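Me: I'm new to this one. Could you show me how to read it, starting with a single residue?

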Amino acid sequence: MVKSVMVAYALWAVGGPLGLHHLYLGRDNHALLWILTLGGFGFGWVREVIRIPAYVGEANQVAKKERRRSSVIATPPISPVRFAGQVCVGIYFGTVALIGLNSLSFFYLIVLPLFVGAGVHLVSSVGQQTSDLQKTLTACFITSPIFYGSTLSPLPISLAASVTAAQHRRFKPPRTPGKAQDLGPRLYRLSLAWLAFSAPLAYCVFYNTTATLYYLSDCVAVMLDIFWFLPWLRSVLEYFLLMPYRILCALTGGGYYEETWKKVLEILLKEYTEREKEALQVSIHISLKRLKITS
């Protein structure tokens, strides 16, 4: 099916940072890159206002003469924009790995070079060009141990991988753009790639949120145990702690279920309060012994 420049521009305006126009033109790698970087950090999306006609022309390239010409050229010309994009996206992928997975013992030897290499190769595979993935990853694995433990290591690893990818660049074999009936599998592959990229960030957010909740529950336990000798005051504090849950239920139309909420609080505070009660019983027992001895 012939692609339309007007449709491509409309998709660029509506969902350009998410790569909708690239998905329409069958440029799945470009669409994935735009999804993960929100349109090349915004700059790539703006730059495409003058590039879309060329993209549509590539998608509609069906003449045997032009296909033969692409296959004759062994090595595409070097593009400074593509090289800069490889370096930036490689650093970006490496930074995401540093944020989410730096606690792994084999991070600098395996995880970081894999992430940086994936980012560089994704940019090098945009459009009609690609590079040797194996050699790009080899450059990453060789460079990463040199800068082991450094927070700036994504920069030299990305530079080495970008130079390697530029040296082994080549044209992709001619093929027709993605068809409408292939949209389901294409979206499925893009979704898997997005999940693989966002998993480290999700893990980091979940880990920090869990640690924060445990810290807050510890603070609440301390506050409630201060007033163990005043049950009515503790009840008042528990009432206000239940207030956010009541508001949420009022907004959603659900019941209060205070007993359930209290059970959740008890589970969070159980370990701390039991330790405090045991310590209090021990101290009382020691005091009674001392009173008996003195008497």
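Reply: Contact means heavy atoms within 4.5 Å. Leaving aside neighbours within four places in sequence, Gln-129 is in contact with Pro-76, Pro-77, Arg-82, Ser-124, Arg-170, Phe-171 and Lys-172. Bear in mind that this is a predicted model, where local features need pLDDT of at least 70, side-chain atom pairs count only at pLDDT 80 or more, and totals for chains, interfaces and linings use all residues. Residues are numbered from 1 along each chain as its sequence is written, and side-chain values use heavy atoms, with hydrogens and water left out.

Me: Is Gln-129 buried or exposed?

Reply: Buried means under 20% relative accessible area, exposed over 50%, partly exposed in between (1.4 Å probe, protein chains only). Gln-129 counts as buried because its relative accessibility is 12%. Across the chain, buried residues make up 34% of the 295 residues.

Me: Which element holds Gln-129?

Reply: Helices (H or I, at least four residues) and strands (E, at least two) are DSSP runs, numbered from the N terminus. Gln-129 sits in strand β1, residues 129-130. The chain has 14 helices and 2 strands.

Me: And where is Phe-141?

Reply: Phe-141 lies in helix α9, residues 133-143. With 32% relative accessibility, Phe-141 is therefore partly exposed.

Me: How far apart in sequence are residues that touch?

Reply: Take the contacts between residues at least 6 apart in sequence: 67% of them join residues at least 24 apart.
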